Amino acid sequence: METTGILTEKEAAAMIVDLKPQTLARPRLRRRGPKYLKLGGKIRYRVIDIQEWMEASLIDPAAQPLPARKHVKRKAA
């Protein structure tokens with residue numbers, strides 16, 4: 001797999017945890033996916049844009065607030 005350069009839809013999808021190209025196309029059509037190029041009528045992705053998109057999706061569990069604990073009322077015995 002390339003680490004720099006231009007990728008086909010299939011190569012870009014494989015770079016993102018083995019997605020199918022159709023799965024990568026959905027967010028593109030909703031304008032939510034990684035940046036892309038349209039060259040000669042074909043969709044291409046730059047490796048750096050795929051990496052940046054994945055980095056933007058990174059979740060740090062330590063930075064997430066803990067969910068509020070629900071208080072459960074117990075019945076009196």
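**Charges, fold and helices**

Modeller: The mean positions of the 17 positive and 8 negative charges of the protein chain are 15 Å apart. Lys and Arg count as positive and Asp and Glu as negative, while His and the chain ends are not counted. A charge is placed at NZ of Lys, CZ of Arg, CG of Asp or CD of Glu.

Colleague: What kind of model is this, and how are its residues numbered?

Modeller: Side-chain values use heavy atoms, leaving out hydrogens and water, and residues are numbered from 1 along each chain as its sequence is written. Local features need pLDDT of at least 70, side-chain atom pairs count only at pLDDT 80 or more, and totals for chains, interfaces and linings use all residues, for the model is predicted.

Colleague: In what order do the elements of the protein chain run from the N terminus on?

Modeller: Helices (H or I, at least four residues) and strands (E, at least two) are DSSP runs, numbered from the N terminus. The protein chain has three helices and three strands. From the N terminus on, their order is β-α-α-β-β-α.

Colleague: What is the radius of gyration of the protein chain?

Modeller: The radius of gyration is taken over C-alpha atoms, and the globule rule is 2.2 Å times the number of residues to the power 0.38. The C-alpha trace spans about 75 × 25 × 20 Å along its principal axes. For a compact globule of 77 residues the radius would be near 11 Å, but the protein chain has 20 Å.

Colleague: What percentage of the residues of the protein chain count as buried?

Modeller: Buried means under 20% relative accessible area, exposed over 50%, and partly exposed in between, with a 1.4 Å probe and protein chains only. Of the 77 residues of the protein chain, the buried share is 19%.

Colleague: Which residues of helix 2 are buried, and how are they arranged?

Modeller: The buried residues of helix 2 are L24, A25, P27 and R28. Seen down the helix axis, these residues fall within an arc of 165 degrees, so they line one face of helix 2; the arc is that of the directions from the helix axis to the C-beta atoms. On the other side of helix 2, the exposed residues are Q22 and L29. The buried residues, arranged on one face, are L24, A25, P27 and R28.

Colleague: Is R28 buried or exposed, and which residues does R28 touch?

Modeller: R28 lies in helix 2 (residues 21-29) and counts as buried because its relative accessibility is 13%. Contact means heavy atoms within 4.5 Å.

Colleague: What is the phi of R31?

Modeller: R31 is in the loop between helix 2 and strand 2 (37-39). At 81% relative accessibility, R31 counts as exposed. Its phi is positive, in a residue other than glycine, and is near 60 degrees.

Colleague: Against which elements do the buried residues of helix 3 pack?

Modeller: In helix 3 (residues 47-56), V47, D49 and I50 are buried. The face turned away from the buried side carries the exposed residues E55 and A56. The buried residues of helix 3 pack against strand 1 (6-8), helix 1 (9-15) and strand 3 (42-46).
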